[in-house]
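Morning, everyone. Please look at the aromatic rings with me today.

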Amino acid sequence: MTDIPPPDPAGPKTAAGPAASPVLPYGHPPTGPEQQGAGPGVPRCLSCGYVLVGLNDPRCPECGRWFNPWDPSTFNTRPPFLRWRYWLPGLVLALAAGLLGYAAIVPFSGWGWPAVFVIPFSAGTILGYGVRVKWVVLPMLGLILLAGLLFGLFSMNFAGVYCGLILAGMALGPILVGIGAGWLLRAILKRSRFSQRWHLPTLISLLLPLACAVFDRLTWTPPPLETVRTSAVLDVPAGRAWDGMRFYEQVDERTAGPRPRLFAWHWLGLPRPLSNGGSVAIVGGRETCVYDKGRLVKQVTARDEGRRLAFRVVEQGFETHSMRLVDGSFTFEPIDATHTRVTLETTYAPRLRPRWAWRPSEAWTVHTLHGYVLRGMEARGRLAMMDDGGRMKDERESATAASPSSSDVAGGLP
Amino acid sequence: MIRVDVTRSGAVCCRADLDLPLSARAAWGRLRDFTRFASHDYFHADVRVAGGVPRVGAALAIRHRFAGFGVGRVGRILRWREFDPADPRPAGYSFSDLSARGPRHGFPHVFAYDLAPAGKANDRCRLRIVVRGRWTAPVPRWAARLWLWWVFGHVVLSVRNAFLAAAVTRKNAAGPPDAAVCYGPKEAP
């Protein structure tokens, strides 16, 4: 309203009558659906919101409050009802309910189905029930809710980025289903005369994860050990493959190539090996690897020269919330003079439930790790077979271009 | 309740009645925001009133925009009746929305809002929204009717939501203003 003309002592002429009281024109009308509610707009009464445009009398016809057309402090040009009130309280409530649910349930019953599915569902229900927006906006609010929950989990140190992203993939469905349920419940109850409809559905949505967590804790049984095996045929003789045997931490990027993106992208938060020491030359020997998040110590439990090496994990200083590594092994099976089937095996005690939801991503992660180890072993074996001039030594000369390349190793992975 | 009629001659009449949980005076206080209520149509991207004050005869420049395409149309405020409890006629206004090529092109129509008190305690009111015009596009009547139903339905829904929002705002606000905070003397009753 800065363009209101200065007061005219004689009083402005208006269409309604000569020498009448000053008439307020539109300031900068916020016309158009996309501009409504933004910026200075039509002058309104400070008390009741009556639109004061074009009045001949500087007084609100509804409540009687006086205003001065040349004094912007006597009227209001802000929109009387802010649209964020339609959705922001519901979104904040859903976010707070979800984060409080995680804070209460994860330390109580761990990462079980209540934390993975019920909390997102309840948060989605609160969102769908508590916001008043078009249905097309609800999925977008669901995504914002999911991002907020993820950020909260990172901040509370309940999940790393990688686990959090997998969790997000699993939680998106329950959130959307919850939003649909909340929206439907709202559509039904708003036509009813149910006196408790303001608070009861929200209260139930808040308490549902807690009840599920109690039930989950009471019925909890330790999940069985999981074993992931990865086999590949390496393009090297068994002896060279055995000599090239390396743990993941020992694989040299200069020979094996860059690490898989899953492990190379440090922003994902997966543990990164820094150094390693020790020996696996004898049974009982220990290999210690220092990661950026803690130590991993492996002890050899069986060693059959050229055929099998087995170890168990005696110390694990990271990722204990998701799994406890138990043991593993390398098994070598000669196929012919120049090819060897190598099988890597990792056994762990899972901590994340439900197993059917987490198992595929865990298996994929371990397979990716195994694949990189196998690639490193093959590269090291091939390197050992080369002479100083970079040519294959005698044992390889019989094998020609028909042999599979290192990419076949990855291709042979399950 | 929405009703959309398109006759064989192309005459269009869209009508809707809304029961609002506001007194007629309070509702009129919101409805007076002419540019806002003239913009509830999907296509009315910008409505400008000549002189800045809506009154009978004021020329309008109505900018239509949809899916990136824009066209300027013109109009005029045809009727403007302030709310007066003593006047049995409904308060409201109407305005025309015409093509710049002339009054017989591009769906010429008149948009009208009429507000009347309702309820025994006058705590409610009834708003009638009427659009009358002539359908000029060479499309089947059923298609025109469907199209108008969609657009008019959106207008009615937007208007209803605006008044419901106003009702919520009034419900949440503190009671009536204290006379001491008024900026000037009240008129004698």
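This is a predicted model: local features need pLDDT of at least 70, side-chain atom pairs count only at pLDDT 80 or more; totals for chains, interfaces and linings use all residues.

First, the count. How many aromatic pairs does the structure hold over all chains? There are 27. A pair of aromatic rings is described by the distance of the centres and the angle of the planes.

Take one pair, Tyr248(A) and Phe263(A). Their centres are 5.4 Å apart, with 50 degrees between the planes, and the pair is tilted. Where do these two residues lie? Tyr248(A) is in the loop between helix 6 (238–243) and helix 7 (253–256) of chain A. Phe263(A) is in helix 8, residues 261–264 of chain A. So the pair ties together parts that are 15 residues apart in sequence.

Are they buried or exposed? Tyr248(A) has 6% relative accessibility, so it counts as buried. Phe263(A) is buried too, at 9%.

Now a second pair, Trp265(A) and Trp267(A). Why is this pair stacked? The centres lie 5.7 Å apart and the planes meet at 25 degrees; stacked requires planes under 30 degrees apart. Trp265(A) is partly exposed, at 39%. Trp267(A) is at 53%, so it counts as exposed.

Back to Tyr248(A). The charged end of Arg259(A) sits over the Tyr248(A) ring, 4.9 Å from its centre. Arg217(A) has its charged end over the ring of Phe108(A), 4.7 Å from the centre.

Last, chain B. One aromatic cluster includes Trp28(B), Phe34(B), Trp80(B), Tyr93(B) and Phe163(B). Find those rings on the screen, please.

Notes: Residues are numbered from 1 along each chain as its sequence is written. Chains are lettered from A and ligands numbered from 1 in the order in which they are written. Side-chain values use heavy atoms; hydrogens and water are left out. Rings of Phe, Tyr and Trp (its six-membered ring) pair if their centres lie within 6.5 Å; planes under 30 degrees apart count as stacked, over 60 as edge-to-face and the rest as tilted. Helices (H or I, at least four residues) and strands (E, at least two) are DSSP runs, numbered from the N terminus. Buried means under 20% relative accessible area, exposed over 50%, partly exposed in between (1.4 Å probe, protein chains only). A charge sits over a ring if NZ of Lys or CZ of Arg is within 6 Å of the ring centre and within 35 degrees of the ring normal.
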